[in-house]
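This report goes through a protein model from its overall dimensions down to selected residues. The sequence and structure come first.

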Amino acid sequence: MDIILKDQYVQKKEIGYGAYGRVYLAEDIINKKNVAIKRIKKSEIDKDEYLKKALDKEIEIMKLCHCENSVKLIEDFQTTNNYNFVMELCDGDLDGELKSRKKPFSEEELKIILRQLSTVFVIMDRENIIHRDLKLKNILITKDHNNPNNKLGFIVKLSDFGFSKVMENDMTRSVLGTPATMAPEVLKRSEYSKKADLWSVGVISYQLLFNVLPFKARSQDELLQVILKSKEVKYPNTNKISPSLENLLNNLLQKDPDKRLNWKEFLNHPFLELNTENKIKEKINLKDQIPFANVIYPNIFL
């Protein structure tokens with residue numbers, strides 16, 4: 001095992017693993033803080049040109065998506081046996097947070113989460129990036145005890161850009177992601193656009209509100225049939241939602257991608273209230289953004 005790191009970092013313990021590497025808790029002794037270091041085996045990556053390009057692509061996309069609501073890549077470097085990626089350390093993810101709660105998230109809490117994520121969603125749309133694995137486990141959280149305006153008590157951060165892609169064309173075809181949050185056009189193995197991510201946002205939102213999936217099945221093929229046979233999205237009686245939120249979810253969980261919201265329409269939806277100027281703390285330099293209709297790009301916790 002390659003335990004060599006830069007003198008700046010002291011590896012402490014393993015906190016996660018994947019097919020090609022592992023994630024470790026480490027101490028940054030210069031800046032006196034803990035970080036996460038993802039270590040990927042060179043022996044597995046270097047023998048496959050596709051995997052090497054995918055790794056380079058993931059680094060590029062993480063840098064493009066750099067903002068307060070995506071997991072920060074602090075630096076990357078190579079050691080004898082590994083590619084190393086130093087990232088900010090988070091406290092958990094939305095999947096674990098939902099499971100630890102006695103009840104699902106409220107409508108107002110969901111609104112805060114979506115408004116926080118809108119910061120990175122704006123960048124993804126601007127840079128023509130599709131994530132392809134949006135799910136609760138890939139939305140990490142960092143506790144935010146010092147900000148009284150943050151009613152959630154944490155900040156959400158999008159992570160795991162391993163399946164992400166900068167779209168050279170409007171459509172792509174590779175079947176990647178997690179079936180439970182895959183758009184029906186992906187499940188069908190058809191061509192799909194960035195709108196596939198919007199379906200995933202709808203599934204995630206539904207899960208946070210009701211603690212169940214909007215469509216359930218025992219296999220990928222069965223899930224597709226359940227979605228295609230559904231006439232409308234059904235809502236449990238356990239958590240009443242407003243007409244505005246129901247409209248948003250109906251238009252995100254639209255099985256016909258031509259009728260589904262795109263990113264601009266999502267960001268302009270009345271439920272998010274992103275264009276209500278007196279309710280927003282503006283933290284993004286609008287000169288660096290491509291304007292979307294009336295959207296204001298926030299990073300807020302109101």
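## Overall form

With 302 residues, the protein would have a radius of gyration near 19 Å as a compact globule, and its 20 Å agrees with that. The radius is taken over C-alpha atoms, and the globule rule is 2.2 Å times the number of residues to the power 0.38. The model is predicted: local features need pLDDT of at least 70, side-chain atom pairs count only at pLDDT 80 or more, and totals for chains, interfaces and linings use all residues. Residues are numbered from 1 along each chain as its sequence is written, and side-chain values use heavy atoms, with hydrogens and water left out.

The C-alpha trace spans about 55 × 45 × 40 Å along its principal axes. There are 9 helices and 10 strands in the protein; these are DSSP runs numbered from the N terminus, helices being H or I of at least four residues and strands E of at least two.

Of the 302 residues, 50% count as buried. Buried means under 20% relative accessible area, exposed over 50%, and partly exposed in between, with a 1.4 Å probe and protein chains only. The accessible surface comes to about 15400 Å², and carbon and sulfur atoms hold 48% of it. Areas come from the Shrake-Rupley method with a 1.4 Å probe, and for residues only the protein chains shown count as cover.

Among contacts (heavy atoms within 4.5 Å) between residues at least 6 apart in sequence, 62% join residues at least 24 apart. The protein has 49 positive and 44 negative charges, whose mean positions are 4 Å apart. Lys and Arg count as positive and Asp and Glu as negative, without His and the chain ends; each charge is placed at NZ of Lys, CZ of Arg, CG of Asp or CD of Glu.

Ser205 lies in helix H6 and is buried, at 1% relative accessible area. Beyond residues up to four places away in sequence, Ser205 touches Leu110, Leu114 and Leu249. Leu245 is 40 residues from Ser205 in sequence, with 9.9 Å between the two C-alpha atoms.

The loop between H6 and H7 contains Asn211, which has a positive phi of about 60 degrees although it is not a glycine. Ser219 belongs to the loop between helix H6 (195–210) and helix H7 (220–229). A polar atom of the Ser219 side chain lies 3.1 Å from the backbone nitrogen of Glu222.

## Other loops

Asp144 is in the loop between strand E8 (139–143) and strand E9 (154–158). Its side chain makes a polar contact of 2.9 Å with that of Asn150. Such a contact is a pair of N or O atoms within 3.5 Å; within protein, one must be able to donate a hydrogen and the other to accept it, and residues adjacent in sequence count only if both atoms are side-chain atoms. Leaving out residues up to four places away in sequence, Asp144 touches Asn150, Gly153, Phe154 and Ile155.

Lys32 sits in the loop between strand E2 (21–28) and strand E3 (33–41). Its phi is near 55 degrees, a positive value in a residue other than glycine. Asp258 is found between helix H8 (243–252) and helix H9 (263–267), in the loop. Asp258 and Lys195 are 63 residues apart along the chain, and their C-alpha atoms are separated by 8.8 Å.

| Residue | Relative accessible area | Class |
|---|---|---|
| Asp144 | 14% | buried |
| Ser219 | 36% | partly exposed |
| Asn211 | 45% | partly exposed |
| Asp258 | 69% | exposed |
| Lys32 | 72% | exposed |
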